[in-house]
Amino acid sequence: MPRPIEALIHSDALAHNLARARAAAPDAKVWAVVKANAYGHGIERVFDGLRGADGFALLDLAEAERIRACGWRGPVLLLEGAFEPRDLELCSRLNLWHVVHCSAQIDWLAAHKTHTPHRVFLKLNSGMNRLGFAPAAFRAAWARVNALPQVDEISLMTHFSDADEQSESSRGIAHQVTAFEAATADLPGERSLANSAAILRHRLRSDWVRAGILCYGSAPDFPVRDIAHWGLQPTMTLRSRLIATQSLRPGDSVGYGSSFTAEAPLRIGIVACGYADGYPRHCATGTPVLVNGVRTRTIGRVSMDMVAVDLTPTRDAGIGSEVTLWGRGPHGSLLPIDEVAHSAGTIGYELMCALAARVPVHGAAIAAPA
Ligand SMILES: Cc1ncc(COP(=O)(O)O)c(C=O)c1O
């Protein structure tokens with residue numbers, strides 16, 4: 001019998017969350033961002049739930065091929081554009097739109113032989129200092145791209161560093177919006193600015209929004225706001241079962257490093273889930289977890305294949321009881337991934353992306369053609 005751990009992908013929740021993006025940006029077209037294998041969910045598994053999007057945005061060319069193999073004929077955007085000149089051949093063949101963020105990419109385009117002109121998203125570095133042309137260089141870059149016969153349409157984009165306004169150093173988005181407006185004033189073309197945090201928190205008008213994490217049921221500004229506040233639903237459940245129980249006496253400790261010691265008699269359960277499954281080792285004692293749908297806490301250090309949980313609130317739990325590490329539990333219970341991530345000092349993005357390959361994943365998958 002295989003280990004009882006599994007992940008479930010909820011197509012209905014993906015569609016629901018996409019509808020929330022549309023409601024928050026009613027005048028915009030929506031890119032569903034499916035980079036990093038759809039934030040760990042699997043491109044083919046999310047395709048059905050997100051097929052109501054206006055386009056799919058990602059950055060790996062192999063993932064772009066997979067989206068086309070799902071049968072998607074609409075827009076696909078490469079968020080980092082070409083990594084080398086020959087990538088443009090695939091863009092021509094699969095009709096991929098691509099970001100142009102540096103002069104080298106313009107050189108490659110100028111040398112590219114194609115009968116099908118490309119649509120590009122010219123990226124402004126409005127302050128994040130990752131990718132994009134500096135404001136002073138933006139118009140010259142636009143003029144160069146505009147003169148290329150290989151390009152038939154130029155859209156304009158930028159990316160916010162602080163739309164979630166979470167860290168103490170956060171500068172918000174106003175300075176980046178101002179830089180974008182100044183650099184692009186009078187230039188024609190569609191605009192794309194907002195990621196999930198900007199879609200939900202800042203009602204900016206633009207032609208395309210780029211909805212990533214919100215599609216996957218995680219609040220970009222947790223713990224200030226949670227998914228209940230934004231009306232989002234978890235799209236990934238990680239669940240397993242108890243494989244043992246222990247009755248601790250006062251003074252007994254649990255797991256590696258004996259980091260937890262019982263002060264009173266305590267019944268605990270041992271869950272078939274550890275950091276080799278993608279459950280973070282940094283989760284301290286007290287991380288929320290559901291046993292039979294009832295909220296309780298982890299105890300002691302997470303090990304490679306196991307983690308202990310407090311069974312005090314669930315006296316009837318025993319070997320085989322269902323444990324929800326995050327997502328949807330039984331009887332309508334919920335454990336948002338953001339709460340677990342927060343307890344590990346990280347964000348929901350990282351947990352969903354880090355789901356380990358050894359965890360079997362179930363959910364509607366579109367079969368890729370052989
Ligand atoms: C350029 C770009 N647009 C949009 C997104 C989506 O961001 P989020 O998942 O926060 O919505 C990302 C993700 O990092 C990105 O790099």
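The ligand sits in the largest pocket. A pocket is an open set of points on a 1 Å grid over the protein atoms alone, with protein on both sides within 12 Å along at least five of seven lines.

The model is predicted: local features need pLDDT of at least 70, side-chain atom pairs count only at pLDDT 80 or more, and totals for chains, interfaces and linings use all residues. Side-chain values use heavy atoms, without hydrogens and water, and numbering starts from 1 along each chain as its sequence is written.

**Ligand shell**

Residues around the ligand (a heavy atom within 4 Å) include Val33, Lys35, His159, Asn195 and Tyr349. The shell divides into four nonpolar, four polar and four charged residues. Here Tyr counts as nonpolar and Gly as polar.

| Residue | Distance from polar side-chain atom to ligand oxygen |
|---|---|
| Ser196 | 2.5 Å |
| Tyr39 | 2.6 Å |
| Arg130 | 3.5 Å |

The protein covers 91% of the 390 Å² of accessible area that the ligand has on its own. Areas come from the Shrake-Rupley method with a 1.4 Å probe.

For Cys283, the nearest cysteine sulfur is that of Cys273, 9.3 Å away. Cys215 is buried (under 20% relative accessible area), at 0%. Cys283 is also buried, at 3%.

Technical notes. Polar contact = N/O pair within 3.5 Å; in protein donor to acceptor, adjacent residues only side chain to side chain. 1 Å grid on protein atoms, 1.4 Å probe; cavity = no way out; pocket = protein on both sides within 12 Å on 5 of 7 lines; lining within 4 Å. Sits in = over half its atoms within 2 Å of the grid points. Buried < 20%, exposed > 50% of the residue type's maximum accessible area, 1.4 Å probe, protein only. Disulfide = S-S within 2.5 Å.
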